[in-house]
Each structure stands twice: as C-alpha cells, then as structure tokens.
Protein chains: 2
Amino acid sequence: MCAPFSSNRTAMYTTEQLISKVNHAIEHLALPSQPAQLYEPIRYTLAMGGKRIRPVLMLMAYNLYKEDVDSIMQQAVALETYHNFTLLHDDLMDHAEMRRGIPCVHLKWDENTAILSGDAMLILAYQLFTQPGTPQEAIDTFNQATLGVCDGQQFDMDFEKRNDVQAEEYIDMIRLKTSLLLSCALKIGAQLAGANAEEAESLRLFGEKLGLAFQLQDDLLDVYGNPAVFGKKIGGDIVENKKTYMLISALQLANAGQRKRLEKCLSQKKFDAEEKIFVVTSIYNELHIRELCEEKINQYFDKAKQILNDLPLDEDRKAPLRDFAHRLLKRKN
Amino acid sequence: MCAPFSSNRTAMYTTEQLISKVNHAIEHLALPSQPAQLYEPIRYTLAMGGKRIRPVLMLMAYNLYKEDVDSIMQQAVALETYHNFTLLHDDLMDHAEMRRGIPCVHLKWDENTAILSGDAMLILAYQLFTQPGTPQEAIDTFNQATLGVCDGQQFDMDFEKRNDVQAEEYIDMIRLKTSLLLSCALKIGAQLAGANAEEAESLRLFGEKLGLAFQLQDDLLDVYGNPAVFGKKIGGDIVENKKTYMLISALQLANAGQRKRLEKCLSQKKFDAEEKIFVVTSIYNELHIRELCEEKINQYFDKAKQILNDLPLDEDRKAPLRDFAHRLLKRKN
C-alpha cells in the first residue's frame with residue numbers, strides 16, 4: 001500500500017503511512033452483519049476516526065526492530081478497538097452528547113445499545129489481540145492495560161465527588177486512564193518484535209511520560225486552546241469542576257480571596273457557564289497556572305525524550321517515534 | 001479439600017465437590033482492593049452464589065480425561081466471572097431490581113458503577129482465562145462464546161420490539177444467549193484436557209442440547225413453577241410480553257377468539273399484572289402449551305443424553321456429567 005523508507009537494516013514507516021495502514025485495516029475489519037443493532041454502532045464508533053495514536057505507537061515500536069508491520073495489524077486494531085470501547089462507555093457514563101463532531105452512540109441509538117455494543121467491542125478487542133501467535137508476554141501487557149484503564153476511570157469518577165484531591169493523586173489517575181494504554185502499546189510493539197525486556201520496558205516508560213505530557217496538555221488546551229482547533233468546547237473541565245492538575249494547583253496556591261472566589265464557583269449548583277469559565281480562568285491567570293502546567297508538561301516531555309535518546313538503537317531508526325511525539329505535543333523541538 | 005472417588009484410571013469428582021472447589025477459588029480470588037468502588041461490586045456479584053453450572057460443566061468435561069482439576073481452576077473461575085458479568089449488565093439493561101434475593105448492583109450502587117464494574121469483570125474473566133498455558137484452541141472457543149452471548153442478548157432485546165418472532169428464531173436466540181456458554185464450557189474442559197477434537201465437539205453438542213432444554217424449562221417454570229422453589233416471581237415473562245417458545249406457540253395455535261384475547265393482553269400499556277398472568281395462562285392451558293413445551297424439553301434432553309451415551313468413554317466416568325444433567329433438569333431418568 002505504501003513503501004517505507006529504509007534505515008540501515010530495517011525499512012521505516014512514517015506516521016502517515018502507519019495511520020493509513022491502520023485505517024485501511026479498520027475499514028476492512030470482518031465484523032458479523034447480524035445482529036445489526038449490535039455491530040452497526042461498533043462500525044460507527046470505529047469509523048469516527050481520530051489520530052489512531054495507540055496502534056501507531058505500537059507499530060512504530062515494532063518497526064524499531066522489524067519491518068513486516070502488517071503481520072501485527074490485528075493486534076494494532078485490537079488496541080484501537082479497546083480504546084474506542086472506553087470512549088463509548090465513558091461517553092455514556094459522562095452523559096456526553098458529541099464525540100468528534102457526531103452524536104454519541106447512547107444518543108444516536110439508546111443507552112442499552114451503548115452498553116451492549118461497548119461490551120461487544122471489548123470482546124472484539126480481545127478476539128483480535130488473542131490471535132494465534134500472540135506471545136504470552138504481550139497478552140500479559142494487554143491485560144495489565146485493559147484493567148488499569150478501568151481503574152483510572154473509576155478514580156476519575158471518585159474524584160468528582162471529592163474536594164481534597166491532591167496533585168499526585170491526579171497524576172496517578174491520568175497515568176492509568178490515559179498513559180497506560182499508550183505506554184503498553186509501545187511495550188507490546190516491542191514484545192511482538194521480540195525486543196529484549198529492558199528495551200521494551202524503556203519504551204513503556206517513554207510512553208508513560210509522553211502520555212502524562214499529552215493529558216496535561218489536553219487539560220491546558222481545555223482552558224487556553226483555540227476553539228477552532230481544539231475540537232471540544234473550551235472550558236468544559238471548569239464547568240464540570242474537574243479536579244485537573246490546574247484546578248488542584250490553583251486551590252493550593254490561592255490566597256484567601258482567590259480561594260473564596262474559586263470555592264464559590266465550585267459550589268454553585270446553578271450558574272452561567274461563560275461567567276464561571278471567565279472567573280476561574282481569571283484566577284488561573286492571576287496565579288500563573290498556565291505557566292505552571294506548561295512547566296510540568298515540559299518536564300514529562302523532556303523525560304520522554306531522554307528515555308528515547310538513551311535507547312541503544314540507531315538515531316535514524318528512532319526518528320519516526322521522535323517525530324510522532326513532537327507532533328502529538330505540537331512541539332518543534 | 002475433598003477426595004474424588006476412583007473410576008478406572010481417573011479419579012472422579014462429584015458435583016458437590018466441584019461446586020465446593022469453585023466457590024473456594026472464587027472466595028480466594030485475588031482482586032485489587034483499590035479503587036474500592038470498582039472491585040466491591042465485583043466481589044458482591046461473585047459472592048451472590050448460584051449453581052456455578054458453567055465452571056462445574058467445564059471441570060466435569062476435563063475430569064472425563066484428567067484428574068488435576070485444580071490446575072484449570074483459573075479458567076473455570078473465568079467462565080463464572082464472565083457469566084456474572086453478563087448478569088450484571090443484563091440486569092442493568094432490563095432494569096431488574098433483585099438477583100438471587102439481593103439488590104442488583106445498579107440499585108445498590110448506581111448505573112455508572114454497574115457499567116464500569118461489569119466492564120472490569122469482563123476484563124478479569126479474560127485475564128483469568130488467558131493465563132500462561134491456556135492452549136490457543138481453548139482461547140478460540142472462549143472468544144466464540146463471549147461474543148455469541150452478546151449476539152444472543154441483542155437478539156433478545158430486538159425480539160421485545162417485534163410481534164412476528166418465529167419459534168426457530170427464539171430457539172436460535174436461546175442457543176446463543178444460554179446454551180453457548182454451557183456448551184463451550186464443556187468443549188473448553190475437553191480441550192484443556194487434551195481430548196481429541198471429535199470428542200470435544202460431542203461434548204459441545206451435549207451442552208448445547210442440555211442448555212436448550214434448561215432454558216425452555218426455565219421459561220416453563222416462569223409460568224408453572226412453584227413460587228417457593230423457582231426463586232423469581234411467577235409470570236414475569238408474561239408481564240413483559242417476552243416472546244418465549246410458549247407465547248410464540250400459543251399465538252400460532254390460537255383460534256380467532258384466543259388470538260384476540262392474547263393480542264389484547266400483549267397490547268395493553270396499563271394492566272393488572274395478576275389478571276394478565278391469569279388470562280395468558282388460561283389460554284396456554286386451553287392450548288396445552290405446557291405439554292407442548294415439555295415435549296420440546298424432552299426432545300432436547302433425550303438428544304443430550306444420546307450424545308453422552310455415544311461418547312466413547314467408560315460409562316462410570318460419564319456418571320457425574322449424567323447426574324448433573326438430570327439434576328439441572330430436575331429429572332429422575
């Protein structure tokens with residue numbers, strides 16, 4: 001479909017080539033036609049698109065060592081299917097309305113359809129992943145990721161009901177909810193390629209730091225992003241009192257007056273959303289929360305880069321992964 | 001824990017011994033303690049009890065060939081965990097209130113807890129099943145069962161909205177929703193014991209017929225059972241217009257007058273439940289639906305017994321499985 005460029009022994013694929021391969025595999029995924037009410041929402045969800053971050057990271061890690069990325073496409077699609085299952089059920093639990101510009105499954109169909117189609121997607125992910133030939137160590141890594149992401153989602157829901165969430169707890173939560181699947185995608189790619197355990201673990205750590213930077217940046221863009229580019233409504237986290245690193249830091253750094261204004265915003269049951277976003281953002285500005293968050297993002301991003309630098313492989317073989325990390329964080333250097 | 005009795009080469013376990021082993025393994029299942037909101041409902045659901053039919057059938061099939069049933073206890077618990085996940089999500093989708101005499105998870109906690117705990121249970125089932133050493137053919141059988149049961153649940157929900165469901169469609173639906181996991185449990189037990197493919201397939205077929213007889217009997221007891229023994233409220237299927245084999249047959253056999261009375265019952269939005277149950281049961285009695293259903297149950301049960309008879313193994317080794325089948329259907333011969 002698309003020819004890789006060559007680097008030393010191993011031909012290397014670009015991000016675009018891998019996304020294209022993943023999308024092609026998803027389009028040609030053999031799903032049963034009946035019962036239609038079960039499989040149509042699955043096709044709908046998988047066709048929503050997105051950046052295909054997890055399968056691409058997995059294929060890139062594999063491609064560090066081996067060329068025949070098509071041979072592990074089923075497992076790559078399994079990761080994307082699993083990720084899309086979490087989105088489907090999370091949107092249901094969050095009563096979200098839209099995802100990537102189109103209605104969520106529980107609104108386009110109904111709640112029961114969202115529950116059961118999500119269940120079937122999770123099973124499909126396992127079916128795809130546990131193909132003949134998948135080594136046990138990769139299955140173990142997949143199992144670790146799938147349960148850990150649920151843990152993260154539960155902690156996230158628990159935090160909604162608490163007002164004393166600490167920054168470290170928040171970081172631990174996003175490490176599970178966001179980072180774990182990214183980091184396991186990289187580790188699985190390495191494991192499927194037969195990389196040694198140490199390098200597979202380094203790639204996992206690279207993914208963990210990258211994932212933390214990515215989630216913190218997503219939180220930042222939720223407040224300071226360009227609405228035309230961000231894709232979601234600006235200020236959603238503020239409206240929902242989401243205990244992000246930014247809000248937790250603001251509550252910690254606030255003086256008595258700022259704290260009072262913040263807590264008033266958090267406790268109001270009825271409020272004007274625009275006004276709430278304006279007040280909280282003003283306090284963030286006063287406390288330089290944006291800069292604080294950017295610093296944290298930089299720290300994680302730098303750690304990720306360092307881990308990749310230390311990986312004992314030729315520099316030009318690591319180029320696609322480095323390039324992908326920069327683009328994910330929208331960074332030039 | 002309990003000593004098996006000996007039959008030729010292989011020591012055989014009784015139903016009670018196997019149930020006791022399964023319950024012991026479930027009680028000692030190593031689940032994370034945090035997040036508590038995620039794992040407590042799982043412990044609660046697994047501790048509800050029940051007859052442990054699926055793991056017992058799996059262990060019995062294994063025990064036809066091998067003795068060390070403890071060596072496959074993780075996979076047996078995986079089947080029970082998967083089954084309990086389906087109950088948890090089905091109860092949520094059906095807005096059921098009680099299960100085995102205690103409140104359903106979505107009422108004791110809330111709907112989001114039921115969704116996420118169910119997801120985690122499904123993942124746990126896969127974690128337990130894909131332990132190192134599980135052969136690929138058993139994983140393939142498990143994958144077939146897990147997705148097929150979802151298909152069955154979807155067809156069941158589809159049928160609620162239809163008035164033209166045929167008897168064959170109903171049988172196909174319960175073959176997926178109820179029979180498939182029983183039949184795959186038997187096949188998996190045989191596969192884990194290294195039985196040849198033909199015998200594993202015979203055991204699957206035995207389970208399929210037994211499962212069909214079991215579900216039809218459950219439907220029958222829903223109308224004609226002893227409330228003190230049945231455990232659920234009598235007439236639930238009638239109240240909900242469930243398109244059972246009995247209702248489908250009644251609609252097919254009814255004369256003009258009976259059909260009119262039946263259709264009036266089915267179309268009423270507001271009704272007295274006791275009266276509806278009385279009217280529909282009266283029509284069933286007029287049409288001898290009970291006898292028709294019993295005949296169908298006997299046919300499937302006889303087929304199951306025949307398949308077990310034909311299995312080329314010593315008769316006394318098949319005794320526990322035969323005994324279990326009789327007790328499941330509350331039969332003497």
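Leu18(A) sits in helix H1 of chain A, residues 15–27 (helices are DSSP runs of H or I with at least four residues, numbered from the N terminus). This is a predicted model, where local features need pLDDT of at least 70, side-chain atom pairs count only at pLDDT 80 or more, and totals for chains, interfaces and linings use all residues. Residues are numbered from 1 along each chain as written, with chains lettered from A and ligands numbered from 1 in written order.

Leu18(A) counts as buried because 25 other C-beta atoms lie within 10 Å (the cut-off is 20 or more, with C-beta atoms placed from the backbone). Beyond its neighbours within four places in sequence, Leu18(A) is in contact with Tyr13(A), Val56(A), Leu59(A) and Met60(A) (contact puts the two C-beta atoms within 7 Å). Arg162(A), 144 residues away along the chain, has its C-alpha atom 41 Å from that of Leu18(A).

Now for Ala125(A). Outside four places in sequence, Ala125(A) is in contact with Ala78(A), Thr81(A), Tyr82(A) and Phe85(A).

On to the two chains: 30 residues of chain B are in contact with 30 residues of chain A. These helices of chain B each give two or more residues to that side:

| Helix | Span |
|---|---|
| H2(B) | residues 36–46 |
| H4(B) | residues 73–94 |
| H6(B) | residues 111–129 |
| H7(B) | residues 136–160 |

H7(B) gives the most to the side of chain B touching chain A, with 12 residues. By class, that side of chain B has 17 nonpolar, 10 polar and three charged residues (nonpolar is Ala, Val, Leu, Ile, Met, Phe, Trp, Tyr, Cys and Pro; charged is Asp, Glu, Lys and Arg; the others, Gly among them, are polar).

Notes:
A residue is buried if 20 or more other C-beta atoms lie within 10 Å of its own, exposed if 12 or fewer, and partly exposed in between; C-beta atoms are placed from the backbone.
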